[in-house]
Structures are given as structure tokens and as C-alpha cells.
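Welcome, and please open the model in your viewer. We will go from one selection to the next and say what is there.

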Amino acid sequence: MNGPDYYIPAAALGIALAFKIPGMRRDWRDPLLRSVCALLVLGASTFFFAAPPTIAEVNRITGVPNISAPLVYCILSAFSASCLVLLVNWRGGPPEETRRISLRWMGAYSVVVVALVVLFALGDAPVERLRDLDTYYARTPYMREMIALYLAAHSVAAVGMTVLCWRWSLKVRGWLRGGLVIIVVGSLFNLAYGVTKSAAVGARWAGHDWDHLSTLAAPPLASVGALLSAVGFVLPLAGQRLSDSWHAWAAYRRLGTLWRELRSAAPDHSPSVRISWLSPVELRVTQRESDIHDGMLQLDPYFDRVLRTEAYDRALAEGAGPREADAIADAAMVAAALRARAADPEGRIVRSAEAYTSVAATGPRDLVRMSLALRHSPVVAAARMRAARSESGTL
């Protein structure tokens with residue numbers, strides 16, 4: 001693998017991190033969000049500092065041959081720890097227990113990082129090796145232990161992630177399960193990286209040359225594994241947000257029929273408060289629901305309780321469930337009230353408001369179902385026609 005093979009994944013993780021920064025600024029106390037950002041930073045750093053051009057430049061700047069080795073190993077160990085910590089925070093549970101487990105993982109891998117630095121300082125590695133340091137120094141005292149330690153720490157994290165995520169994936173569905181399955185696949189690639197590297201190092205210990213496993217086979221496995229793990233962690237969070245936005249837009253669109261019908265009930269057809277097209281869809285849904293409720297208040301004097309009861313009974317008779325029948329009955333009452341309101345341009349019914357009893361909802365109205373019923377229900381169409389005939393009979 002050459003420089004671009006490392007820098008492109010690093011840039012991809014950096015772009016993912018850039019999308020997370022605004023959320024981090026808004027809610028930096030969220031441990032889950034902090035863990036995601038830490039994983040993306042460490043993943044991108046692993047690729048960047050493991051690239052042969054970066055290794056050569058770091059060695060040149062510091063003047064210490066192979067100083068990049070403990071640097072990359074420490075970042076890789078921190079990345080493994082961040083995956084485990086993120087998984088702990090992701091699964092949730094009692095805050096104290098989550099914090100305690102997270103601190104244990106961070107403490108254990110902090111010891112690994114310190115040991116890597118100490119072992120490198122004690123070892124002797126005067127010849128710069130950009131691609132095959134693991135096998136070249138596999139039998140060098142202290143360097144040998146450093147290499148074995150980082151491979152063991154990485155493999156332990158890979159096994160732990162594989163087992164935990166697979167067990168969890170069997171208990172959940174949707175975006176979360178998809179993300180967990182991707183993490184399992186990524187962890188298997190990471191484990192394959194550790195096994196491949198260990199095989200090459202073990203061959204050196206036994207006096208054989210399997211260096212091609214370390215220099216040619218292992219790096220692509222690590223790249224794929226790190227990318228899949230990062231994608232698996234980010235996918236459920238991003239996917240859930242996209243799903244929520246999709247449902248919000250669907251609700252906004254479905255409310256359109258009821259909203260447009262009730263605009264005519266507003267005083268002097270006054271427009272609703274304008275909001276920017278860049279506003280969150282949740283805000284747009286809230287505004288549309290508010291406009292609908294305002295229109296319902298204006299129509300309240302024209303609501304017919306008897307008509308609503310008849311529409312409800314008819315909807316039940318045609319096979320609707322209680323919740324859907326409620327929405328159909330409300331929609332039928334609104335449709336008839338709109339007709340009555342149009343037939344009373346001088347507002348005589350409104351002026352005699354003290355004579356009527358308000359038809360208040362017994363619970364929150366299902367506005368989306370009402371809007372769909374207003375457009376498609378034959379019960380609502382019948383109520384509208386009945387109101388029109390009543391109008392014609394009084395003229």
C-alpha cells in the first residue's frame with residue numbers, strides 16, 4: 001500500500017468527523033458523541049501516521065529512526081480502546097456502571113501505551129524500516145516485546161468487539177443491528193490483521209521468512225477493518241437521524257390537506273408566520289400543527305357533535321379501528337364545519353357563541369390521520385355532500 005491508500009481513508013474519516021463537529025459543539029457533554037468523535041479522530045490519525053511518507057517525515061523531523069513505530073502503535077491501541085469505550089456508552093445502562101467500565105478500558109490501554117513507549121526506549125532499532133519493521137526487528141530484545149504487546153492488545157480488542165457486537169445484534173433490529181453487523185465484519189478484518197501480522201512475526205521467531213504477510217496482506221486488512229468499524233458506529237446514529245427526518249417530512253406532507261383546508265377558517269385568511277426553508281423539518285411540522293389547531297379553534301362554533309357521532313359509527317361499521325374511526329369522525333366534522341363556515345360569511349353563529357357547546361376533543365387528535373381521511377375517506381365525502389345539500393336547502 002502506498003501513501004494515497006492511507007491518506008484517502010484518513011480523509012474519509014476526517015470528513016465524517018467534520019459532520020459531527022456541529023453536534024459536538026451543541027452537546028459536548030454527551031459521552032456517546034464524544035466517543036464517536038474520539039474514534040473518528042483516532043481512526044483518521046492511524047491511517048495518516050501509518051502511511052510510509054508520514055513515517056519517513058516523522059522520523060526525519062524527530063531525528064530518531066523508527067520513532068513512528070511506537071507512535072503508530074500507541075494510536076492504534078488508543079483506537080482499539082475508543083472502539084470498546086464507544087460500545088460501552090452505546091449500549092447504555094446505569095451511568096455509574098458505564099463510566100466505571102469505560103475507565104477500566106481506558107486505564108488498561110493507557111498501561112499498554114506507556115509500556116509501548118518504554119519498550120521502544122529500551123530497545124535498539126537504528127535501521128529505519130518504513131514497511132517491515134515488525135518482522136525486521138521481530139527478534140530484537142524489547143522491540144520484540146513491543147511488537148507482541150501491540151498485536152496482542154489490538155487482537156484482544158478485535159475479539160471483544162466481535163463477540164459483544166454479535167451478541168447484541170441478535171437482540172436488536174433496524175439501523176442499530178445493521179451497524180453492529182458491520183462492526184462485527186470490521187472487527188473480523190482487524191482480527192485477521194492481527195493474526196496475519198502475528199504469523200509473520202512468529203515465522204521470524206522460528207527462522208522462516210513470511211514477511212509478505214506483514215507487508216502485503218496485513219495493511220489492506222487493517223484499512224478495511226478500521227473503515228468498517230467506523231462506518232458501523234456512525235451508521236446507526238446517522239441512519240436514525242435520516243429516518244427521523246424522513247418521517248417528519250412525511251408527516252409534514254400528509255398534514256398538507258388538512259392545513260390547506262383550515263387556512264380558509266383563519267381570520268381574513270391571515271398567513272401563518274413565515275419560517276426559513278433552512279429551518280429544521282421538525283419546526284416546520286410544529287408550525288403546521290399549530291396552524292391546524294388555530295383553524296380548528298376558529299371552526300369550533302360550527303362543529304356538529306351529532307354528525308361526528310354518526311361518522312364515527314359509520315367508520316366502525318365499514319371496518320375501521322377505534323383510532324382510525326376517531327380521525328375519520330373528526331375529519332368529517334371539520335369538512336361539514338368548513339361548509340357551514342362558508343355559508344355564514346357574516347359570522348352570525350360566531351357572534352351567538354355563548355349559545356353553543358364547544359366540541360372539545362376527548363384526547364389529542366391524530367392530525368395526520370385526519371388529513372388523510374379528509375382526502376380519501378368516503379365517510380368524510382358523504383359528510384361534505386350532506387352539508388352541501390343542507391346548505392342548498394336553506395337557500
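Start by selecting Y6, A50, V72, Y193 and K197: of the 34 residues that line the largest pocket, these lie nearest its centre. A pocket here is an open set of points on a 1 Å grid over the protein atoms alone, with protein on both sides within 12 Å along at least five of seven lines, and lining residues have an atom within 4 Å of a point.

Before going on, a word on the model: it is predicted, so local features need pLDDT of at least 70 and side-chain atom pairs count only at pLDDT 80 or more, while totals for chains, interfaces and linings use all residues. Residues are numbered from 1 along each chain as its sequence is written, and side-chain values use heavy atoms, with hydrogens and water left out.

Next, colour helix 9 (211-254), which gives the most to the pocket lining, with seven residues. Helices are DSSP runs (H or I, at least four residues), numbered from the N terminus. Among the others that supply at least two residues each are helix 2 (31-50), helix 4 (68-91) and helix 8 (174-205). The space in this pocket comes to about 590 Å³, a volume being the space filled by probe spheres set on the grid points, which are joined across faces, edges and corners. Its lining divides into 19 nonpolar, 10 polar and five charged residues. In this scheme Ala, Val, Leu, Ile, Met, Phe, Trp, Tyr, Cys and Pro are nonpolar, Asp, Glu, Lys and Arg are charged, and the others, Gly among them, are polar.

How many cavities of 30 Å³ or more does a search of the whole structure find? There is one, where a cavity is a set of points at which a 1.4 Å probe fits but cannot get out. The largest cavity has a volume of about 70 Å³. Select its lining: F79, S80, C83, H154, A157, A158, M161, S187, N190 and S229. Helix 7 brings the largest share, four residues, and by class the lining has five nonpolar, five polar and no charged residues.

Last stop: select A381, found in helix 16 (residues 378-394).
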